[in-house]
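Dear colleague,

Please find below the structure that I am handing over to you. My findings follow it.

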Amino acid sequence: MAHRYKDFRPRLVSDPMRYGLLALAAVVALAAPMAIFPLFLVKVLCFMLFAAALNLVLGFAGLLSLGHAAFFGGAAYAFAQSAKVWGWPFELSLLFGVVVGGGLGFVFGLIAIRRQGIYFTMITLALAQMIYFLAVQAPFTGGEDGIQNVPRGTLLGVLDLRDTHTLYYVVLAIVVICLLLIRRTVHSPFGHILGAIRENEARVTSLGLNVSRYKLLAFTLSAALSGLAGALKASAFQLATLTDVSWHISGEVVLMVLIGGIGTLWGPLVGAIFVVMIGHFLATSGLPVSLVIGVVFMACVMLFRRGFYGETVEYLRERVLRDVSLRATAGREGQK
Amino acid sequence: MSTSSCILEARGLRKSFGGFVAVSGVDLDVETGNIHALIGPNGAGKSTLFNLLTKFIQPTAGDIRFKGKDITHAPPAAIARLGMVRSFQISSVFLHLTVYENIRVALQAHGRDTWRFWRSERGLHRFDDQVHELVCQVGLEPLIYTRAADLPYGRKRALELATTLALDPELILLDEPMAGMGQEDIERTSALIRSLGGKHTVLMVEHNLKVVADISDRITVLRRGEKIAEGSYDEVAANEEVRSAYMGGAHG
């Protein structure tokens, strides 16, 4: 159906180029386990989903949360507990993880969402630390040991997830579906309102909308998807530990989003791959991981603020927009 | 509701910031269908009064009734939903969005199509005809795909006016709608505001006295947080206190 007006989304690259890149990404994703240890790839996928979920609030709603480890780690515990102790099937445990992540996100959101800027951030951090404390104290979490030997089970009773290749493809499918969901959310009626709130909150209020509720929905969605990422990681590594709920994880995932490109769909994925890989390769090199990541982060802030991917996109966008703006101005002059 | 011909009634509105009294005991009645101007020298409390009426600031004392309903304690978003929408003094548009998207967001908010995160944005094209009508009204049709950030100042104000109209409010509050506009835009906007009278009620703060004289049905003059005169332009212009306020102020 033809519409009177077009959505203004300038093409940054030509269509053949775009489909070519997508096809390349698909081939790499499908072929990767032949060259790389599948379990490592699953870890990358989990963090890609986690970073993309955080970006939904950080990039698209403008809320910096330092509490996302609570959703990630909380869901990991929920998965481990339900799969191992209660003997739930894989899918149900996964769903339980999503519910726990989303539920915690809803509660965190209710408490923190009306606060602005740094106050919001500090409240999310404080709440996440309370979850960490609970994880240390509660008997079922196993304290320092965590919950170990969590069974992976089967997907719908058919696909045996003990096979790491099968596991990889299942996780890949789930993550891709979630990324598509995030993409849809960003480009939905709700996503448009969210974008408007990020731009000018007072104006959205004056349009008659209660901005807190929209932020709360975005935050809850983000937390639920972070929970899914945590549950997937727990299933893959058959383990839920204190590391998953610690504030380091919250910081690391923020870093992934910033390094990759805040407020873009692909940026967090790039950032997650980068940070997980650095961690992996430095682990055996003897160099202190956090020091290297810190230096990378500083370089990122000073040299390319929008992140690897974001900076590239912005360069292309500015070029295209300048052309469009010039044409619009020329059109107007011509009419006078 | 004895004064049902007034869409907005404020009684004894007062706001103090610490020791400073910005608005002290102002009564204001805005008649339905009128174009009502609020004037006064700098620092008279016009913007504060505006913020009080739309509840962006909570009054220290006094009460406000909109369509006979007490809104003294209602939050700002609820007031907008009741049909009282404001614009801001500093141009308030979504800078990174195009003219089209700016207006469409407002229509979307009005239509309450705001929650569906699982639906495609393609559905938003059903607002296109309304967008078209609004951009033609304010003369922004040729700039439909321009980002708001790239618009000249006067056009940004026109865009803001269009987004306000998109909500089809019964009462429109305009905070200096012509500030920073060129002559051509002023004429266009004056005509537009005048055309709103009757269907909508307009309450506006405006410095340009010629515009005020041209389009207002009723004028309220504030000085140092107090109402010093009210009436038609001729009545107000004849008032001694108003003359001295303007002679003493920066405006001639």
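In chain B, four strands form an open sheet in the order 2-1-4-5, with antiparallel pairing; two strands pair if DSSP finds at least two bridges between them. Helices (H or I, at least four residues) and strands (E, at least two) are DSSP runs, numbered from the N terminus. The edges are held by strand 2 (20–31) and strand 5 (69–70) of chain B, each having a single partner strand, so one side of each is left without a neighbour in the sheet. Strand 1 (residues 6–17) and strand 2 of chain B run antiparallel and are joined by eight bridges. Within strand 2 of chain B, Asp29(B) is the residue opposite Glu9(B).

The model is predicted: local features need pLDDT of at least 70 and side-chain atom pairs count only at pLDDT 80 or more, while totals for chains, interfaces and linings use all residues. Residues are numbered from 1 along each chain as its sequence is written, and chains are lettered from A and ligands numbered from 1 in the order in which they are written.

Strand 7 (residues 171–175) of chain B has five of its five residues buried, so it is largely enclosed by the rest of the structure. A residue is buried if 20 or more other C-beta atoms lie within 10 Å of its own, exposed if 12 or fewer, and partly exposed in between, with C-beta atoms placed from the backbone. Leu171(B), Leu173(B) and Asp175(B) lie on one side of this strand, and Ile172(B) and Leu174(B) on the other. Strand 7 of chain B pairs in the parallel sense with strand 6 (residues 84–86) of chain B over three bridges, where Ile172(B) is the bridge partner of Val85(B). Strand 7 of chain B also pairs in the parallel sense with strand 8 (residues 201–205) of chain B, over five bridges; here Met204(B) in strand 8 stands opposite Leu174(B).

In chain A, the buried residues of helix 5 (residues 117–137) are Phe120(A), Thr124(A), Leu127(A), Ala128(A), Tyr132(A) and Ala135(A). On the other side of helix 5 of chain A, the exposed residues include Ile118(A), Met130(A) and Phe133(A).

Finally, 32 residues of chain A are in contact with 41 residues of chain B, contact being defined as C-beta atoms, placed from the backbone, within 7 Å. Helix 7 of chain A provides the largest share of the side of chain A that touches chain B, seven residues.

With kind regards

Technical notes. Contact = placed C-beta atoms within 7 Å. Expected span 1.5 Å × (residues − 1).
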